[in-house]
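Here is a short report for a reader who is new to this structure. Look at the model first, then read on.

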Amino acid sequence: MSPLVTPQTIADAGVVGAGGAGFPTHVKLSAKVDSVILNAAECEPLLHKDKEILRYYPDEVLEGLGLARQLVGAQKSFIGIKGKYEEVIELLAPKVDSATELCPLTDSYPAGDELILVFDVLHRVVPPGGIPLAVGVVVINVETALNIAKAVTEPVVEKFLTIAGAVRRPVTLRVPIGIRLEECLQAAGGVTGADPHFFIGGVMMGRVTTDTNFLIDKTVAGVVVLPGDHPLVERATRNWKQQVRIGRSACDQCSYCTELCPRWLLGHPIEPHRAMRSLGFNRVGQANVIGTAFCCECNLCSLYSCPEDLDPKDVCAENKRRLAADKIRWQDPPFDPRRPVLHLNNRRAPMARLITKLGLQKFENVGPLNEDLLQTNKVGIKLKQHTGQPCLPVVQEGDTVRRGQIVGQLPRDGDKPALGAIVHASIDGKVTQISDGVIWIENPY
């Protein structure tokens, strides 16, 4: 390992988890574990960016994985990738070192969930409320590994993401951080349906917007475009009052939501059907089902398991937020580590069946990479693109900046920086505005 590559090197490059909550990678790689897993499962329907990165940049990704393994002192690293991607596996096989193992996964959802991945690869069960670190594992995703490899020479100023669904040409793009969604949609040939809604991050765990000026940040793995009359749009835009009314009147307590819940299958004490049952007890204003604190919000219960098309996930998520607000925590929750061995393999959600249930089968399930960087003359750099505290701007309106220059630093937490990741300019240009947590940079040339 190069002596230049340290957790501080990675912090200086602003590397975060590139497909989830944006947890700062330098913090994660400061731990000591025995195993590192590269999460190449990519189980959100219609998204392809991890597969495409591995296809085009295998050496760099493997270098980043090796650096991560050395930083945490692990003896082994593993690549969890769906077995159906035979071409990518064949590409990687002769390139991996003796300390790395390729681990083909089922084509199911949520194969990319960290806790499911740890069980599938290492047969270790992370306890309730825990993270992979609790069982001696660090998990990083494909783009994060690529950014680790680039950290010495270039900070995180680019992003890979898939644009899919109701567009003319589904594609995976390489874009500057802070580019507007509208420009990405144009690169995919434009939208094809009326009243488009954009699922940022995917249809299962993403958030929905109609704003084409949405700024692409470090954590966006993809955008699925759906027309306004698609059933998933209607479900995603229901308000809480509607969720309660429908759930209270229609839930028949079949418990499929629990029986197929990935966290319950791991032995965790979450039972979504109990949260649904509470709607009928006029207790919707209280945090009353304590096991919902362990919900990972994968949405499988709502969008796949429930025969009534109800929304146990939203009920669990609302209950979870109230538990947190009330500072209610289950100490030493019950835990059955035998359950995944008994049930997990025969209760997975096949991806083909999930896509059909979601009504996505009419869209092309492809996302070839356009390797050329998508050009733009204006970006908005968010000061918060990560778990932790927002950055503070270190530039002023009117300043000229260069691509890769630091424009936002973390505030101090005592004698050290607060949790988070610094941000950089992604294009050359002039700072034209700093407002609402965004630094706007324009290059009119």
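## Charges over rings

Arg 339 sits over the face of Trp 264, 4.1 Å from the ring centre. A charge counts as over a ring if NZ of Lys or CZ of Arg is within 6 Å of the ring centre and within 35 degrees of the ring normal. Lys 378 lies over the face of Trp 440 in turn, at 4.9 Å from the ring centre.

This is a predicted model: local features need pLDDT of at least 70, side-chain atom pairs count only at pLDDT 80 or more, and totals for chains, interfaces and linings use all residues. Residues are numbered from 1 along each chain as its sequence is written, and side-chain values use heavy atoms, with hydrogens and water left out.

## Aromatic pairs

How many aromatic pairs does a search of the whole structure find? The search finds two. Rings of Phe, Tyr and Trp (its six-membered ring) pair if their centres lie within 6.5 Å; planes under 30 degrees apart count as stacked, over 60 as edge-to-face and the rest as tilted.

Tyr 57 and Phe 160 form an edge-to-face pair, because their ring centres are 5.7 Å apart and their planes stand at 65°. Tyr 57 lies in the loop between helix H3 (49-56) and helix H4 (58-71), and Phe 160 lies in strand E6 (residues 158-165), so the pair ties together parts 103 residues apart in sequence. Helices (H or I, at least four residues) and strands (E, at least two) are DSSP runs, numbered from the N terminus. Both Tyr 57 and Phe 160 are buried. Buried means under 20% relative accessible area, exposed over 50%, and partly exposed in between (1.4 Å probe, protein chains only).

Phe 294 and Trp 330 form a tilted pair, with 6.4 Å from centre to centre and 45° between the planes. Phe 294 is in the loop between helix H13 (272-278) and helix H14 (300-305), and Trp 330 is in the loop between helix H15 (312-325) and helix H16 (339-343), so this pair ties together parts 36 residues apart in sequence. Phe 294 is buried, at 12% relative accessible area. Trp 330 counts as partly exposed, at 29%.

## Helix packing around H7

The axes of H4 and helix H7 (residues 142-150) come within 7 Å and cross at roughly 80°. Axes are lines fitted to C-alpha atoms, for helices over the stretch in contact, and angles run from 0 to 180 degrees between N-to-C directions. H4 is therefore roughly perpendicular to H7. Angles under 35 degrees count as roughly parallel, over 145 as roughly antiparallel, 65 to 115 as roughly perpendicular and the rest as oblique. From H4, the contact (heavy atoms within 4.5 Å) includes Glu 60, Val 61 and Leu 67. From H7, Val 142, Ala 145 and Leu 146 are among its residues. By class, this contact has nine nonpolar, one polar and two charged residues. Ala, Val, Leu, Ile, Met, Phe, Trp, Tyr, Cys and Pro count as nonpolar, Asp, Glu, Lys and Arg as charged, and the others, Gly among them, as polar.

H3 also packs against H7, at about 40° and with the axes 9 Å apart. H3 is thus oblique to H7. Lys 49, Asp 50, Ile 53 and Leu 54 of H3 meet Val 142, Glu 143 and Leu 146 of H7. That contact has four nonpolar, no polar and three charged residues. H3 is mostly covered, with six of its eight residues buried. Lys 51 and Glu 52 are among the buried ones.

## Backbone features

Where is the cis peptide bond? It joins Tyr 109 and Pro 110, with omega of about 0°. Pro 110 lies in the loop between strand E4 (108-109) and helix H6 (114-122).

Asp 195 is not a glycine, yet has a positive phi of about 50°. Asp 195 is in the loop between helix H8 (181-187) and strand E8 (197-200). Asp 195 is partly exposed, at 48% relative accessible area. Lys 327 also has a positive phi, of about 55°, and is not a glycine either. Lys 327 sits in the loop between H15 and H16. Lys 327 is exposed, at 76%.

## Distances along and across the chain

Leu 67, in helix H4, counts as buried at 7% relative accessibility. Leu 67 and Ala 425 are 358 residues apart in sequence and 25 Å apart in space, C-alpha to C-alpha.

Lys 384 lies in the loop between strand E13 (378-382) and strand E14 (392-393). Lys 384 and Ala 421 are 37 residues apart in sequence and 8.2 Å apart in space, C-alpha to C-alpha.
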